[in-house]
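Biologist: I would like to learn how to read helices in a model. Could you walk me through a case?

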Amino acid sequence: MTDSEPTSGYQPSAQLKERLAAWQASVKWEPEDGVPEPADRIPSVAEAREALEAGMRQELHDDRQLNLPTLAEHVPWTAENLRLLMAKRGGYPPRERHRKSEGDPRTYQPSERLRDLLAAYNLSVDTERRRLDELEQCIADELRANPDMTNPEMARHLPWEQEQVRLIARKYNVPRRRKRGSEHKLIEDKGKPKAVVVPYDWYVQQPGADPSIVKR
């Protein structure tokens, strides 16, 4: 059966466009030619992660006795994740074992530079999550305000598929709506037209309509 679904003519509100742009900028910043960067801009998650990964590699370079399990206690990745991350960045110097002649092993504390990078990363992650919540709330509000709009129509204006829109609608308890079908539906059998389903109100107005057929 083919179903050419009509559209409601929906266009995103200015608020939705603004929140979508804000969320996308917090995921990955894309500077525009001729547009100055805001002085108070919070680095995107991609930027902050790149800087933090570089900072961790520098930490391993500066402290040859620092091992990955110890570093992992202070950052949001496991030792195995760190091994893979550092391998992608070209590796790091071999580790040096602590010698008894050096006295008691010191307790590792992240450098001030690494602490600052970690704080910036956490701020970027928190900002991205907050802006995503604001975007999802706005999507839910627009779905409520446009009851004739379907999830696929909304998805056309977002970087997600209709299933993600459906999950957002469910999360914010947006009333469910029937899928709007076209007025006439073609039923096919093995790729060949078999029958046509038409609206009842249209059918009864046609010459020769069978009065014994009633609307279900």
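This is a predicted model: local features need pLDDT of at least 70, side-chain atom pairs count only at pLDDT 80 or more; totals for chains, interfaces and linings use all residues.

Biologist: Let's start with H4. Which residues in helix H4 are buried?

Modeller: An α-helix has 3.6 residues a turn, so residues three or four places apart point the same way. In H4, which spans residues 79–88, the buried residues are Leu82, Leu85 and Met86. They line one face of the helix, because they fall within an arc of 95° when you look down the axis of H4.

Biologist: What do the buried residues of H4 pack against?

Modeller: Their partners are helix H2 (45–62) and helix H3 (68–72). On the other side of H4, Ala87 and Lys88 are exposed. After H4 comes Gly90, with a positive phi near 95°.

Biologist: Now the pair. How do the axes of H2 and H5 cross?

Modeller: Two packed helices are described by the angle between their axes and the distance between the axes. For H2 and helix H5 (residues 112–145), the axes come within 9 Å and cross at roughly 160°. Angles over 145 degrees count as roughly antiparallel, and H2 and H5 are therefore roughly antiparallel to each other. Their crossing is left-handed.

Biologist: Which residues in H2 and H5 meet?

Modeller: Among them are Val45, Ala48, Leu52 and Met56 in H2, and Leu114, Leu117, Tyr121 and Val125 in H5. The residues of this contact of H2 with H5 divide into 11 nonpolar, three polar and five charged.

Conventions
Residues are numbered from 1 along each chain as its sequence is written. Side-chain values use heavy atoms; hydrogens and water are left out. Buried means under 20% relative accessible area, exposed over 50%, partly exposed in between (1.4 Å probe, protein chains only). Helices (H or I, at least four residues) and strands (E, at least two) are DSSP runs, numbered from the N terminus. The arc is that of the directions from the helix axis to the C-beta atoms. Contact means heavy atoms within 4.5 Å. Axes are lines fitted to C-alpha atoms, for helices over the stretch in contact, and angles run from 0 to 180 degrees between N-to-C directions. Angles under 35 degrees count as roughly parallel, over 145 as roughly antiparallel, 65 to 115 as roughly perpendicular and the rest as oblique. A crossing is left-handed if the near helix is turned anticlockwise from the far one by less than a right angle, and right-handed if clockwise. Ala, Val, Leu, Ile, Met, Phe, Trp, Tyr, Cys and Pro count as nonpolar, Asp, Glu, Lys and Arg as charged, and the others, Gly among them, as polar.
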